[in-house]
Amino acid sequence: MRKAGGGPIAALLAMVVIWGYSWVVMKIALRHAHPFDFAVLRVAIAFPILFAVVKLQGRGIRLPSYRMALLLGLLQVALFVVLSQLALVHAGPGKTSVLVFTMPFWMIVFAHFILRERMRGAQWIAVGLALAGLTLIVAPWELNSLAGSLLAVAAGAVWAITAVLSKRWPTAASDPLLFTAWQLFFGFVALALMALAFSDRPIDWNLEFAWTLAFSSILATALGWWLWTYVLASTPAGITGLNSLGIPVIAVMASAIQLGERPPALELAGMGLIAGALALLGWLGLRRDQQAQKTLGAER
């Protein structure tokens, strides 16, 4: 981990804490607003903050190319946010976060087709554990819990394909802050159109909604997505994958403490299987990164 430098590791830890607790915050916020309204508000506050930071640094706000910012804004911001918040309407934050963070397993699938990366050895064990855990959590035999589960899994799949595309065309690496600002702007436009078309109730403005909106927009969206872009661009794949384990753990713990969410035994078993699979993937990634460093050092 020292190979990645202190900055990316500190950014990853901050992101884990913020995004872990943000699932509880979003669940509370949706008591007072339609998911699309809340989504557009949090992004509407977030992207001007990032643009303001760029301007305060005395830099311009133009990108060399807007193609990837537009694509990731539509997928990683708009579609991912909508799917995850709709999932929270139907399920608790602990369960939703665990299902969304099946993202690394979808990354393996998409990397196979987009990056031509083959699954090897213990990766098959990790995927098998994850699928078993996913089955226990989704519980397809219980139709009343199926909608929220499928929405959360879809959100994880969307996030995974955007991460793979970011690795395929790493345009964010040169300026993660500015790239994230434009990505959020394009996501805001898409979310605003969806809110205008589908929102069906007024926002209940009160102190509870105000603090959840502030947390979700400033910390989870503006700071969180910048940290994610920075970590993805600056950190080896194995270390990046480890963040997926910490976020749902914090979400499950915070949900149990603050909201009294107590997953049934089968869900807990499924969460345990997915946690084990994520840990295995993280260990494999770290070992691969260390071997790559050794090979590079030998060649020099």
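## Salt bridges, a buried helix and a surface patch

Glu 208 counts as partly exposed because its relative accessibility is 28%. Here, buried means under 20% relative accessible area, exposed means over 50%, and partly exposed lies in between, with a 1.4 Å probe and protein chains only. The model is predicted, so local features need pLDDT of at least 70 and side-chain atom pairs count only at pLDDT 80 or more, while totals for chains, interfaces and linings use all residues. Residues are numbered from 1 along each chain as its sequence is written, and side-chain values use heavy atoms, with hydrogens and water left out.

The protein has 11 helices and zero strands. Helices (H or I, at least four residues) and strands (E, at least two) are DSSP runs numbered from the N terminus. Of the 300 residues, 50% count as buried.

A salt bridge is a side-chain nitrogen of Lys or Arg within 4 Å of a carboxyl oxygen of Asp or Glu. Glu 208 is paired in this way with Arg 31, and their closest N and O atoms are 3.5 Å apart. This pair links distant parts of the chain, with Glu 208 in helix α9 and Arg 31 in the loop between α1 (6-29) and α2, 177 residues apart.

Another salt bridge joins the side chains of Arg 59 and Asp 175, at 2.4 Å from N to O. Arg 59 lies in the loop between α2 and α3 (67-90), and Asp 175 in the loop between α7 and α8 (176-198), so this pair ties together parts that are 116 residues apart in sequence. Arg 59 is partly exposed, with a relative accessible area of 28%, whereas Asp 175 counts as buried at 18% relative accessibility.

The remaining pair is Lys 95 and Glu 267, whose closest N and O atoms are 3.4 Å apart. Lys 95 is buried, with a relative accessible area of 6%, and Glu 267 counts as buried at 13% relative accessibility.

How much of α4 is buried? Eight of its eight residues are, so α4 is largely enclosed by the rest of the structure. Among these buried residues are Pro 93, Lys 95 and Val 100.

The axes of helix α4 (residues 93-100) and helix α7 (residues 146-168) come within 7 Å and cross at roughly 40°. That angle makes α4 oblique to α7. Axes are lines fitted to C-alpha atoms, for helices over the stretch in contact, with angles from 0 to 180 degrees between N-to-C directions. Angles under 35 degrees count as roughly parallel, over 145 as roughly antiparallel, 65 to 115 as roughly perpendicular, and the rest as oblique.

On the surface, Ile 45, Ile 49, Val 53, Ile 218 and Leu 219 form a nonpolar patch with about 320 Å² of accessible area together. The elements giving two or more residues to this patch are α2 (35-56) and α9 (207-234), and α2 gives the most, with three residues. Patches are made of residues with over 30% relative accessible area and no salt bridge; like charges are joined within 9 Å, nonpolar side chains (Val, Leu, Ile, Met, Phe, Trp, Tyr) within 5 Å. Accessible areas come from the Shrake-Rupley method with a 1.4 Å probe, and for residues only the protein chains shown count as cover. Val 53 lies in helix α2 and counts as partly exposed, at 32% relative accessibility.
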